[in-house]
Amino acid sequence: MSGETPIQSGDALHTPAYLSWRKLQLSRAKLKASSKTSALLSGFAMVAMVEVQLNPPSQTKVPPAMLVAFTVCTTLLVAVHMLALMISTCILPNIEAVGNLHSISLVHESPHERLHWYIEIAWAFSTLLGLILFLVEIAILCWVKFYDLSETAAWSACVVLIPVMIVFLAFAIHFYMSLATHKYEVTVTGIKELELLKEQIELGDHDSRMNNLTLLDQNRAV
């Protein structure tokens with residue numbers, strides 16, 4: 001295995017350094033996706049909150065509870081995405097600095113192993129929780145925006161959101177279950193390969209001992 005460029009040979013793929021290098025690349029991809037998604041959705045939420053036109057309480061039929069839900073959902077949406085963006089911004093440069101060197105021997109200098117849970121939190125906040133809040137934000141925004149003009153339009157947003165939310169959650173659960181199954185299969189395959197490698201090493205050691213004993217017997221006979 002070269003110290004400058006990762007070699008994707010059969011022997012190099014089963015080393016701990018190459019496994020850590022793959023985790024580094026995955027962590028970098030997650031942080032990049034998380035930062036882009038969080039910046040986009042949090043910006044949209046801020047613009048929606050600033051640009052929405054609300055009528056005075058005496059001239060609107062919007063329930064006060066919906067206004068409270070709108071402010072709470074918007075605040076949570078921005079806070080969750082800002083947290084994910086902060087984690088990505090703080091960790092990503094350290095991973096990029098090591099990943100751009102294309103050297104497996106320097107993979108231990110990357111903090112992706114130590115900060116693994118922070119990376120997963122940023123990924124979950126940006127993709128799962130952040131997107132759910134974003135869908136809820138759209139429904140509440142439609143309610144606040146169109147309730148005075150048409151109650152039917154406000155209710156239609158909720159009616160459309162329910163099946164979309166069900167499909168979204170079903171896909172998320174199916175995706176994470178499939179990913180967990182894939183990781184389990186890869187781990188089982190790796191364990192079997194390690195056991196096979198161990199048996200080959202033990203067999204080689206046994207053959208080496210037998211050859212040494214044969215040579216000793218021949219020397220004694222001579």
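**Figure 1. Overall fold of the chain.** The protein chain contains four helices and zero strands; helices (H or I, at least four residues) and strands (E, at least two) are DSSP runs, numbered from the N terminus. Along the sequence, the elements follow the pattern α-α-α-α. The model is predicted, so local features need pLDDT of at least 70 and side-chain atom pairs count only at pLDDT 80 or more, while totals for chains, interfaces and linings use all residues. Residues are numbered from 1 along each chain as its sequence is written, and side-chain values use heavy atoms, with hydrogens and water left out. Of the 222 residues of the chain, 28% count as buried (buried means under 20% relative accessible area, exposed over 50%, partly exposed in between, with a 1.4 Å probe and protein chains only). The accessible surface of the chain is about 14500 Å², and 68% of this belongs to carbon and sulfur atoms; accessible areas come from the Shrake-Rupley method with a 1.4 Å probe, and for residues only the protein chains shown count as cover. Among contacts with a separation of 6 or more, 82% are between residues 24 or more positions apart, a contact being heavy atoms within 4.5 Å.

**Figure 2. Segments annotated as transmembrane.** An unreviewed UniProt entry lists residues 66-87, 121-147 and 153-176 under "transmembrane region". UniProt positions are given in the numbering used here, feature names are shortened, and annotations may be inferred rather than shown by experiment. In the model, residues 66-87 are 100% helix and 0% strand, with the end C-alpha atoms 31 Å apart. Residues 153-176 are likewise 100% helix and 0% strand. The end C-alpha atoms of the 153-176 segment are 35 Å apart.

Figure 3. Three salt bridges are counted in the structure, each defined as a side-chain nitrogen of Lys or Arg within 4 Å of a carboxyl oxygen of Asp or Glu. R28 and E96 form a salt bridge with an N to O distance of 3.1 Å. This pair links distant parts of the chain, with R28 in helix α1 (residues 16-51) and E96 in helix α2 (residues 64-99), 68 residues apart. Both R28 and E96 are buried, and the relative accessible area of E96 is 16%. The side chain of K32 also meets that of E96 in a salt bridge, at 3.2 Å from N to O. K32 lies in helix α1 and E96 in helix α2, so this pair ties together parts that are 64 residues apart in sequence. K32 is partly exposed, with a relative accessible area of 35%. Salt bridges link R28, K32 and E96 in a network.

**Figure 4. Salt bridge between K30 and E120.** The closest N and O atoms of the salt bridge between E120 and K30 are 2.8 Å apart. Because E120 lies in helix α3 and K30 in helix α1, the pair ties together parts that are 90 residues apart in sequence. E120 is partly exposed, at 22% relative accessible area, whereas K30 counts as buried at 10% relative accessibility.

**Figure 5. Aromatic pairs.** A search of the whole structure finds four aromatic pairs. Rings of Phe, Tyr and Trp (its six-membered ring) pair if their centres lie within 6.5 Å; planes under 30 degrees apart count as stacked, over 60 as edge-to-face and the rest as tilted. W143 and Y147 form a stacked pair, 5.2 Å centre to centre and with 20° between the planes. Both W143 and Y147 are buried. Ring pairs also bring in W155, giving a cluster of W143, Y147 and W155. The rings of F171 and F175 have centres 6.2 Å apart and planes at 20°, so this pair is stacked. F171 and F175 both lie in helix α4, four residues apart, about one turn of the helix.

**Figure 6. Nonpolar surface patch.** L128, L129, F171, F175, Y176 and L179 form a nonpolar patch on the surface, together having about 500 Å² of accessible area. Helices α3 (116-146) and α4 (151-221) are the elements that give two or more residues to this patch. The most comes from α4, with four residues. Patches are made of residues with over 30% relative accessible area and no salt bridge; like charges are joined within 9 Å and nonpolar side chains (Val, Leu, Ile, Met, Phe, Trp, Tyr) within 5 Å.
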